[in-house]
Amino acid sequence: YARVVHISGVMFVILFVVFRLALNTYATVYLLQRRQAAMPTAVPLWQRWFLLAAVCAGSALQFFWFPAVARAFAAGARGPAGKLGGGGGDKDVA
């Protein structure tokens, strides 16, 4: 059970970095660079700017949460005994 939890944590952090930090940031910059073509001209100007601001805020929020995710992962990797690797072994509890 502990091994599955550890692997899940590792996968979460990897996927968080790949999708929420890297891909989301790339997509946000791409949207900002091509904002004229990204939205129909029928959309009011204030709504265009609001959408761009919301997307940028969402992207920035991922960077705000990343330190907490990294700390939680580091604490989980050390385990309750403070040793790297979880500290408790791979025991199943029924």
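Reader: How many residues does H3 have, and how far does it reach from its first C-alpha to its last?

Author: H3 has 34 residues and reaches 51 Å from its first C-alpha to its last, close to the 50 Å expected at 1.5 Å a residue. The expected span is 1.5 Å times one less than the number of residues. Helices here are DSSP runs of H or I with at least four residues, strands are runs of E with at least two, and both are numbered from the N terminus. Before we go on: this is a predicted model, where local features need pLDDT of at least 70, side-chain atom pairs count only at pLDDT 80 or more, and totals for chains, interfaces and linings use all residues. Residues are numbered from 1 along each chain as its sequence is written, and side-chain values use heavy atoms, with hydrogens and water left out.

Reader: Where are the kinks in H3 and H1?

Author: To find a bend at a residue, take the angle between axes fitted to the seven residues ending there and the seven starting there. In H3 there is a kink of about 35 degrees at Trp65, shortly before the proline Pro67. The kink in H1 is about 30 degrees and is centred on Asn24.

Reader: Which residues of H1 and H3 are buried?

Author: Buried means under 20% relative accessible area, exposed means over 50%, and partly exposed is in between (1.4 Å probe, protein chains only). In H1, Val13, Phe16, Leu21 and Thr28 are buried. In H3 the list includes Arg48, Leu52, Ser59 and Gln62. The buried residues of H3 pack against H1 and helix H2 (35-38), and H3 is part of what covers the buried residues of H1.

Reader: Let's zoom in on one of those. What is Thr28 in contact with?

Author: Contact means heavy atoms within 4.5 Å. Leaving aside neighbours within four places in sequence, Thr28 touches Val55, Cys56 and Ser59. Thr28 sits in helix H1 (residues 2-33), and its relative accessibility is 7%, so it counts as buried. A polar atom of its side chain also lies 2.8 Å from the backbone oxygen of Asn24.

Reader: And Cys56, is that buried, exposed or partly exposed?

Author: Partly exposed, at 29% relative accessibility. Cys56 belongs to helix H3 and, again leaving aside neighbours within four places, is in contact with Thr28 and Leu32. Its C-alpha is 9.7 Å from that of Leu31, 25 residues apart in sequence. Ala57 is also in helix H3 (residues 45-78). With a relative accessible area of 47%, Ala57 is partly exposed.

Reader: How many aromatic pairs are there?

Author: Rings of Phe, Tyr and Trp (its six-membered ring) pair if their centres lie within 6.5 Å; planes under 30 degrees apart are stacked, over 60 edge-to-face, and the rest tilted. That rule gives 4 aromatic pairs. In one of them, the ring centres of Phe16 and Phe66 are 6.0 Å apart and the planes are at 20 degrees, so the pair is stacked. This pair links distant parts of the chain, since Phe16 is in helix H1 and Phe66 in helix H3, 50 residues apart. Phe16 is buried, with a relative accessible area of 4%, whereas Phe66 is partly exposed at 26%. Ring pairs also join Phe12, Phe16 and Phe66 into a cluster.

Key:
Polar contact = N/O pair within 3.5 Å; in protein donor to acceptor, adjacent residues only side chain to side chain.
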